[in-house]
Amino acid sequence: MRLPTNRTVLALLLGTWLTVCASAQGARISRPERLRVVSVHPSPNALNIPRTTPIRIRFNGPLDPGSLTTGNFEVFGRWSGVHTGQLEFLRNDTVLWFTPDQSFSAGEQVTIRISPGIGSTLLRPLQRPVTTSFRADSRVSTITFTHVGTLIPGETPYGAYAGDLNDDGNLDMCIPNEDTSDVSVFLNQGNGVYGADTRYAAGLHCSANEGGDMDGDGDIDFAVSNILDDDMSFLRGNGDGTFQPQVRYATGNDPRGLTIIDCDGDGDLDVFTANRLESDVSMFLNDGAGVFASEVSVPGGVAGEINITMADVDADGRQDLIVVGQTNDRVRSLISNGDGTFTFGSGIVVGANPWMVVAGDVDGDGDDDCAVALSGASAVAVARNNGSGDFVSTTSYGVGSFPIAVDLGDLDGDGDLDLAGSSFSGGNFSLFFNDGLGNFGNPTPLPAISTGSCMLFLDFDNDGDVDLAGIDELADRIFLWRQDG
């Protein structure tokens, strides 16, 4: 038997060593090094989810239960607010099961935020945040609306937010008043009966607005843009239906749109305004306690940016922005990179003089589309998303003259999103019902006194179907229509 030479032995040893190193390196690459979210249920942009549904989040490794805090895990109903609930850890702590203490409000959008700081007993902590949303169901109803009350806010009300401001299970309303430069807060006393308003000072010609827990204390706060002062007012909620005095932040010129998202993945809500005369978007980064940095100008990708909303248009677990431009009649997505920066999606012409945009999955394909009020075309347009965040086709539906607001929600309880347009010069509100494929039939009108300015979808009487509140800014009235479910 021939013995190997020293050179052969060295070659064999070197080959063995290289094989072992390669195997070890391969093991390191394939071994999960960081905690990450594998799946979320309900799935992103899901529609018609039961209002009592538990939330299930699966991770790629075992969680450290003690690392979960209100700062890195939140379930928020757009109207019902922050939800508390029972947490369970299943399948060797790789599945987080959350059962809410109270049901979600009928038809509302529910957002789940999973942020960095969640730890694991084996892996490095979560680094990539995930934000996902779904729509709660509403009961099948008659589509018959009865006028049951009228509220009197300040002068020239335009814009509205519904939310449970005092945690009593009833939906209250915040209404900006342009000409009195304040916000009317109407508290729901139960069964859709509202008391007189309490006013909170805002800036000159306040209008576009949104509510959310922006300081992380579990209560709903409120942000509103002030068109003629070129700034944004932040009103911190006290949790009892009252607000602290406004804190104001300078925006670009003529801020006519406002939305809130966690754009940098740190678990708190940042504010964005669309500035028509500046032709840009202002970004205000939150420090987590409801204190915002000075505005950063972000290109909106259109021209004459007049309105803005949020949606996860590419279903990647990050909230994106949708902007409309009045000057070039276009709608475009700004796709979040997760670090406070954005990449442009492709834009599309939607029609003459767009005024307002909202987002929702109108055709049930799992991605968010958008609807736009076209003030110069006496129509509302629906723009379809191709799933990558690009809007590729539009369909328009005629409404009364000079429509300035639009909204989406499941009015009839059949599991798809219906459409409402508000016509300023037409003096009415138009309801369109979805056939399930994103097509809308002839409108059903609801009358205003002078102008159809904007509309709220909300279950104000807590009976499980979606009611309506319509705002007439010239008559200074809010009409309450109860759905006869």
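## A guided tour from strand β20

Begin by selecting strand β21 (residues 280-284) together with β20: five bridges join the two strands, which run antiparallel. The model on display is a predicted one.

**The hairpin of β20 and β21.** Within this pair, select A274 and look across to β21, where V281 stands opposite. Next, move to the turn of the hairpin, where four residues lie between the strands. Select S279 there; this residue takes a positive phi near 55 degrees.

Keep residues 270-275 selected, which make up β20, and show their side chains. How many of the six residues of the strand are buried? Six of the six are buried, and the strand is mostly covered. In a regular strand, side chains alternate between the two faces of the sheet. For β20, colour D270, F272 and A274 as one side, and V271, T273 and N275 as the other. Both faces are covered, with the residues on each side all buried.

**A stop at strand β34.** Select residues 428-432, the strand β34, and find S430 within it. Is S430 buried or exposed? S430 has a relative accessible area of 4%, and therefore counts as buried, the cut-off being under 20%. To see what surrounds S430, leave aside residues up to four places away in sequence and select V399, L419, A420, G421, P443 and T444, which S430 touches.

**The whole chain.** Finally, clear the selection and view the entire model. The chain contains one helix and 38 strands. Its C-alpha trace spans about 105 × 45 × 45 Å along the principal axes. Among contacts in the chain with a separation of 6 or more, 51% are made by residues 24 or more positions apart.

Switch to a surface display for the last view. The accessible surface comes to about 18,300 Å², and carbon and sulfur atoms account for 51% of this area. Colouring by charge shows 27 positive and 67 negative side chains. The centres of these two sets lie 13 Å apart.

Terms used
Residues numbered from 1 in each chain as written. Predicted model: local features only at pLDDT ≥ 70, side-chain atom pairs only at ≥ 80, totals over all residues. Heavy atoms only, no water. Contact = heavy atoms within 4.5 Å. Areas by Shrake-Rupley, 256 points an atom, 1.4 Å probe, with all protein chains shown as cover. Lys, Arg positive; Asp, Glu negative; His and termini not counted. Charge placed at Lys NZ, Arg CZ, Asp CG, Glu CD. Buried < 20%, exposed > 50% of the residue type's maximum accessible area, 1.4 Å probe, protein only. Pairing = 2+ DSSP bridges.
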